[in-house]
Structures are given as structure tokens and as C-alpha cells.
Amino acid sequence: ETRTDVFDFIDEAGGRHRLALTGRPIEARPRREFIRRDDGIEIVRFDGFDGDSHDWMAEQRARWAADPPRAIVLDLRDNPGGRFDILGDMVASFMPEKVPFAVMLGRWLDRRYFTTPMDDPWTGPLAVLVGPGSGSASELFAAAMQDLDRGPVVGRKTAGAVIGSRQINLPDGGELSVSTVAILTNDR
């Protein structure tokens with residue numbers, strides 16, 4: 001069922017405008033998708049570093065091994081991040097050998113993280129797209145690809161949301177998130 005609602009707007013000069021707006025249902029965008037363009041370049045997008053995306057990426061690696069694209073453009077512009085353990089495997093999906101992908105630094109912590117090599121990583125041309133919707137693990141992924149000279153990272157400034165935190169349950173049912181460590185792709 002569609003309905004029309006009337007809204008009054010005031011523009012920058014103080015003028016009033018009345019608009020009747022009719023909503024319409026739209027199909028939700030899938031959380032993961034790929035598009036193979038006519039020129040052989042594949043655009044790949046996933047909206048989180050989670051278990052389902054991890055499994056989906058394994059399917060994509062197998063598909064790329066069987067039918068290699070000319071290049072891959074990985075679109076992380078709407079990827080808010082996710083699980084740190086998935087990040088390592090996503091980096092390994094594009095690196096043929098064991099590589100460092102993160103450093104956690106804290107008051108009592110100085111730990112380096114390395115990938116576990118995959119049997120079928122994509123080693124062809126790669127570019128990564130980022131933007132304000134790229135946060136946390138997607139920022140670390142893009143930075144790792146750049147630091148490892150794996151491919152260009154293109155786009156706009158990312159969210160700047162790369163921190164390790166601890167959640168504390170509050171008596172009123174709320175939750176407090178406290179930053180406990182800095183997470184980097186290298187010691188810089």
C-alpha cells in the first residue's frame with residue numbers, strides 16, 4: 001500500500017514550500033554481491049567482516065580460480081567493519097604468503113598479527129574503494145592492502161573508527177564501550 005504525505009519545507013531564504021511525497025517500496029540491497037563487467041573487471045562488495053562474508057569470500061576465491069576476472073575492484077564504501085579474526089582471512093584472500101596485517105598497541109600490549117596463507121588467494125590486479133562508510137576492519141583491510149603494495153586504495157576519507165574496545169554492561173540495561181587498544185597496520 002502506498003500513501004502520500006504532505007511536508008512543509010523552509011528554504012535558506014525563509015521561503016515556504018509544500019511538497020506531497022509518495023513513498024514506494026524498494027528492494028533491499030543484498031549484503032554481498034559481485035558484478036562481472038563486460039570488460040572482465042569484477043566489482044565485489046560485502047557489507048561486513050562476519051562469518052557469512054568469510055564463507056562467501058571462499059566461494060568467490062574458488063570462482064576466480066576457475067574463471068579469473070581481468071581485475072577485481074573491492075568496494076568497501078558501505079562496510080562498517082566487523083570481526084578482527086575475519087579480517088586476517090580476508091587479507092589472506094588477496095596475499096599469496098604469510099604477511100603482517102595488524103599491530104595492537106595498548107598499555108600492556110604490543111602484539112603483531114599475521115595472515116594464515118590460503119590455498120587459492122586472488123593474486124591478480126586489485127583496487128580497493130573506501131569512503132565515509134568504511135570503518136574498523138574495512139579501514140584496516142584497505143590500509144593493509146596499501147602497506148603491502150597489493151593495489152591502490154581509492155575514494156574518500158574513511159570513518160576513522162579503528163580501535164579495540166571493551167563493552168561494559170550498565171545497571172540500566174545500557175552498554176558502555178571503552179577504548180582499550182590502538183590497532184594499526186604497522187608500527188607507525
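Residues are numbered from 1 along each chain as its sequence is written, and side-chain values use heavy atoms, with hydrogens and water left out. As the model is predicted, local features need pLDDT of at least 70 and side-chain atom pairs count only at pLDDT 80 or more, whereas totals for chains, interfaces and linings use all residues.

We can start with the open sheet, whose four strands follow the order β7-β6-β11-β10 with antiparallel pairing (strands are DSSP runs of E, at least two residues, and helices are runs of H or I, at least four residues, numbered from the N terminus; two strands pair if DSSP finds at least two bridges between them). At its edges stand β7 and β10 (163-169), each of which pairs on one side only. Neighbouring strands of this sheet are turned against each other by 30° on average, direction ignored. Six bridges join β6 (residues 100-106) to β7 in the antiparallel sense, and Ala 102 stands opposite Tyr 113 in β7.

Helix α2 (residues 84-92) lies across β6, β7 and β11 (175-184) and runs at about 150° to β6. Here, axes are lines fitted to C-alpha atoms, for helices over the stretch in contact, with angles from 0 to 180 degrees between N-to-C directions; contact means heavy atoms within 4.5 Å.

Helix α3 (residues 137-147) is mostly covered, with eight of its eleven residues buried (under 20% relative accessible area; exposed is over 50%, and partly exposed lies in between, with a 1.4 Å probe and protein chains only). Among the buried residues of α3 are Glu 139, Leu 140, Phe 141 and Met 145. The packing partners of its buried residues are β5 (71-75), α2, β6, β8, β9 (153-155) and β11. After α3 comes Asp 149, with a positive phi near 55°.

What surrounds Thr 115, leaving aside its neighbours within four places in sequence? This residue of the loop between β7 (109-114) and β8 (126-130) is in contact with Gly 88, Val 91, Ala 92, Glu 97, Lys 98, Val 99 and Phe 101. Thr 115 is counted as buried because its relative accessible area is 3%.

Strands β1 (4-10) and β2 (16-22) are the elements that give two or more residues to the patch. Phe 7, placed in strand β1, is partly exposed, with a relative accessible area of 38%.
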